[in-house]
Amino acid sequence: MIMRPFFYAAAVLLLHFLLTATFCDGIRTIGGGDGSGSWFLEAPEYRNGVECPVSTNKVLVSSCDPDLVHVAMTLDSEYLRGSIAAVHSVLRHASCPENVFFHFIAAEFDPASPRVLSKVVRSTFPSLNFKIYIFREDTVINLISSSIRQALENPLNYARNYLGDILDLCVDRVIYLDSDLVVVDDIHKLWNTTLTNSRVIGAPEYCHANFTKYFTDAFWSDPVISRVFHSRKPCYFNTGVMVMDLVRWREGNYRKRIENWMEIQRKRRIYELGSLPPFLLVFAGNVESIDHRWNQHGLGGDNVRGSCRSLHAGPVSLLHWSGKGKPWVRLDARNPCPLDHLWKPYDLYKGNLIKDHSSFSSSSTFLGFSSYLL
């Protein structure tokens with residue numbers, strides 16, 4: 001988007017005002033007895049309007065409730081601050097926030113145990129409907145190859161490949177969201193996306209991107225494996241925001257299809273970027289195209305320098321800091337990019353998050369947790 005500096009700054013300030021108006025009402029500090037729940041302010045209570053469906057069980061919401069909007073996210077110590085902000089943004093703008101159910105995938109050997117992470121979530125969002133699942137890193141560790149940035153090699157980045165196995169079978173549809181984004185529109189609009197022609201996933205597509213750069217010369221020079229795209233017109237899409245039909249996913253064994261490409265990668269080095277290329281190999285050219293407003297991605301800059309980026313042209317429903325730079329890091333360093341100020345209103349962090357891993361208490365209350373072993 002081409003814009004004079006003055007008008008660009010004015011546009012950012014206006015968007016910041018619109019997103020933060022009347023935002024701070026009702027926020028208070030959590031008092032965690034063992035310290036594990038005291039890093040974040042408690043979010044305001046966001047309640048359903050009269051037009052929202054009413055659950056038949058008001059005491060304990062089941063993940064099988066047909067009126068729920070299901071959102072899956074990873075949850076770990078490194079990106080916990082981003083995850084909390086993302087959840088906060090979803091609830092803040094949802095028309096029926098009490099009908100949103102979060103499925104959090106936590107790593108088995110994270111410095112913060114799933115029990116501690118569960119307590120943090122519960123103390124920050126006391127009425128949130130959620131479940132935490134354990135993701136065993138050895139499920140995928142032997143399939144991961146080196147990437148251009150070490151953070152992209154984190155096994156938890158691959159948890160989205162296993163949602164069909166991890167989540168309850170009654171969950172037949174889910175929105176997957178990365179932890180470095182905020183939603184500034186009603187999540188129900190994204191949930192209502194129709195996946196036509198038996199498509200398995202929906203995501204914003206970018207067909208003018210240089211698709212070839214996501215794969216190495218070894219891939220394009222191989223006449224056998226490069227034929228994967230011959231029968232379809234592939235477009236780039238970012239896997240940080242996806243609507244997924246888990247029934248079709250399970251029936252088509254798409255987890256195994258992705259793993260097959262990861263096994264080829266280990267032998268042939270056909271791409272450089274983490275968990276994205278296997279998804280492109282399986283789905284590019286067969287994705288339900290969603291409006292670009294639902295993934296204004298790349299705000300973290302490129303994967304090496306993390307330079308500042310501006311918004312793409314058009315309306316905005318979701319801001320995504322994919323890339324190296326994260327808004328909370330740049331804000332703390334007092335060197336933020338202009339758009340990082342749009343993330344800050346959703347930040348509930350109040351200090352000293354995971355500076356010392358020994359601060360995690362093993363005696364934390366076990367809330368909202370269910371075990372998953374693959």
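## Disulfides, sheet and cores of a predicted chain

Cys207 and Cys235 form a disulfide, with 1.9 Å between their sulfur atoms; a disulfide here is a pair of cysteine sulfur atoms within 2.5 Å. The model is predicted, so local features need pLDDT of at least 70 and side-chain atom pairs count only at pLDDT 80 or more, while totals for chains, interfaces and linings use all residues. Residues are numbered from 1 along each chain as its sequence is written, and side-chain values use heavy atoms, with hydrogens and water left out.

The torsion about the S-S bond of Cys207 and Cys235 is about 100°, so this disulfide is right-handed. Cys207 lies in the loop between strand 9 (205-206) and helix 6 (217-220), and Cys235 in the loop between helix 6 and strand 10 (236-237), so the pair ties together parts that are 28 residues apart in sequence. Helices (H or I, at least four residues) and strands (E, at least two) are DSSP runs, numbered from the N terminus. Cys207 is partly exposed, with a relative accessible area of 43%, whereas Cys235 is buried at 4%. Buried means under 20% relative accessible area, exposed over 50%, and partly exposed in between (1.4 Å probe, protein chains only).

### The other disulfides

The count comes to four disulfides. With the bonded cysteines of the protein chain numbered in sequence order, the pairing is 1-3, 2-4, 5-6, 7-8. A disulfide is a covalent bond between the sulfur atoms of two cysteines.

Cys52 and Cys96 form one of these links, their sulfur atoms 2.1 Å apart. Its torsion of -95° about the S-S bond makes the link of Cys52 and Cys96 left-handed. The pair joins distant parts of the chain, 44 residues apart: Cys52 is in the loop between strand 2 (41-42) and strand 3, and Cys96 is in the loop between helix 2 and strand 4. Cys52 counts as buried because its relative accessibility is 7%, and Cys96 counts as buried because its value is 6%.

Cys64 and Cys170 form another disulfide, with sulfur atoms 2.1 Å apart. This link of Cys64 and Cys170 is left-handed, with -80° about the S-S bond. Cys64 lies in the loop between strand 2 and strand 3, and Cys170 in the loop between helix 4 (163-166) and strand 6, so the pair ties together parts that are 106 residues apart in sequence. Cys64 is partly exposed at 42% relative accessibility, and Cys170 is partly exposed at 33%.

| Cysteine | Relative accessible area and class |
|---|---|
| Cys52 | 7%, buried |
| Cys96 | 6%, buried |
| Cys64 | 42%, partly exposed |
| Cys170 | 33%, partly exposed |
| Cys207 | 43%, partly exposed |
| Cys235 | 4%, buried |

### Chain and sheet

The protein chain has 10 helices and 13 strands. Of its 374 residues, 56% count as buried. The accessible surface of the chain comes to about 16,800 Å², of which 52% belongs to carbon and sulfur atoms; accessible areas come from the Shrake-Rupley method with a 1.4 Å probe, and for residues only the protein chains shown count as cover. Among contacts (heavy atoms within 4.5 Å) with a separation of 6 or more, residues 24 or more positions apart account for 77%.

Seven strands form an open sheet in the order 5-4-3-6-11-8-12, with mixed pairing; two strands pair if DSSP finds at least two bridges between them. Strand 5 (129-135) and strand 12 (288-289) are the edge strands, each pairing on one side only. Strand 8 (residues 201-203) pairs with strand 12 in the parallel sense over two bridges, and Gly202 has Glu288 in strand 12 as its bridge partner. Helix 2 (residues 80-93) packs on the sheet and touches strand 3 (69-75), strand 4 (100-107) and strand 6 (173-177); its direction makes about 165° with that of strand 3. Axes are lines fitted to C-alpha atoms, for helices over the stretch in contact, and angles run from 0 to 180 degrees between N-to-C directions.

### Nonpolar cores

A nonpolar core is a set of buried Ala, Val, Leu, Ile, Met, Phe, Trp, Tyr and Cys residues joined through side-chain atoms within 4.5 Å. In the largest core, of 49 residues, Ile201, Phe237 and Phe283 touch the most other members. Helix 9 (residues 276-283) gives the largest share of this core, six residues. Beyond its neighbours within four places in sequence, Phe237 has contacts including Ile201, Met242, Leu276, Phe279, Leu280 and Phe283. A second, separate core of 42 residues includes Trp39, Val71, Val90 and Ile132.
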